[in-house]
Amino acid sequence: MATVKVSLENVTKKFGDITAVNRISLDVKEGEFLCLLGPSGAGKTTTLRLIAGTETHDEGNIYIDGVLVNDLPPKDRDVAMVFQTYALYPNKTVFENIAFPLKVRGTPRDEVEKKVLEVAKTLGIEKLLDRLPALLSGGERQRVAIARAIVRRPKVYLMDEPLTNLDAKLRVLMRSEIKRMQQQLQITGIYATPDLFEAMSIGDRIAVMSKGSVLQCDNAESLYNKPKHIIVAETMCSPRINLINCTLNEKNGKIMLDAGDFVYDMTELKDVVSKFLDKDVVLGVRPEHVNILDKKVKEAIPAEVIGIDHIRPENVVYLKVGGTELISLADEVTASRIKDKVYFTFANKHIILFDRKTGNCIL
């Protein structure tokens, strides 16, 4: 079993009345790439800075390679950080930028040259070593920043939204490059991003964050199939998951999910949901599980098409039932025009129910 390289135990950080990191506990194993996923303000960057030691936490413990580092300065924690802004020295060549962390540690010159060339080849920038940062593209600068971080082989790599400033095509390329490099070098790292697809393509596991807390940490498949909180379900779905306020009622021996504009028979799940009768819940159904039909069948719900995004190979279809709007993701769309009348349904096995008050998953 892989050893734990980074461990956070109930780590908390406050800025005045604002709790930026709220009792976070995480373990990152040796050779693992963990992604912190969440929107701006979720606490991702602060968490990385606490691990690096550039911010001091108020409560809890941080361990790196089994050593308690609460009181260690950044230079003694043996971590390297890659920033969104590259942070390259403009008056130094690519070679000098990459070599800098080695030189400040007194590494012999021949060893510096060997290590710089080695990492430059790994990242495909060996032909750029004599250039200044101003003569590089955004992708090349990011590669140099990553090379500078990994050249001295620290215990842990911290990456704070390093691809944000790149265009969409280059981001996709760099995602695969970072993952390839991580696997090749067996890097232990923590990667912060607000981008779901970036987290899924890079991370071995994903920690979904919101308002300074980690709501759930697992692999992408488990987060998708078994979200423990409504925010996790929202985060792990694109296009957005359908979330509809409902109540569960029993009438004539049947249990109905009442959304106001439509009702849905859940008697099939009576044994599971009966304890939530008359409770305010939120129905969650992902777009790919909303099935559009061109004719009425049993249990189908009538709706109106209010919009279609042709994104190929799938189409995003926007439906409206009274005042309720839903999204469907379909390979083929029977309704090709706005205002067409259609029917939709979804299988009980794809329904997720959340407690409306706490946001916790109850089904």
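A: First, a term: two strands pair if DSSP finds at least two bridges between them. Strands (E, at least two residues) and helices (H or I, at least four) are DSSP runs, numbered from the N terminus. This is a predicted model, where local features need pLDDT of at least 70, side-chain atom pairs count only at pLDDT 80 or more, and totals for chains, interfaces and linings use all residues. Residues are numbered from 1 along each chain as its sequence is written, and side-chain values use heavy atoms, with hydrogens and water left out.

Q: OK. Which residue is the bridge partner of Asp258 in β13?

A: Val263. Three bridges join β12 to β13 (residues 263-265), and the two run antiparallel.

Q: How many residues sit between β12 and β13 in the hairpin?

A: Four. Gly260 is in that turn, with a positive phi of about 90°.

Q: And what does β12 do with β11?

A: β11 (residues 242-251) pairs with β12 in the antiparallel sense, over five bridges. Lys254 in β12 is the bridge partner of Lys251.

Q: Which side chains of β12 are buried?

A: Ile255 and Leu257, which point to one face. Buried means under 20% relative accessible area, exposed over 50%, partly exposed in between (1.4 Å probe, protein chains only). In a regular strand the side chains alternate between the two faces of the sheet.

Q: Switching topic. How many disulfides are there?

A: Zero, from a search of the whole structure. A disulfide is a pair of cysteine sulfur atoms within 2.5 Å.

Q: Backbone now. Where is the cis peptide bond?

A: From Ser238 to Pro239, with omega near -5°. Pro239 lies in the loop between α8 (230-235) and β11.

Q: What about phi at Asn10?

A: Positive, about 50°, although Asn10 is not a glycine. Asn10 lies in strand β1 (residues 4-15) and is partly exposed, at 35%.
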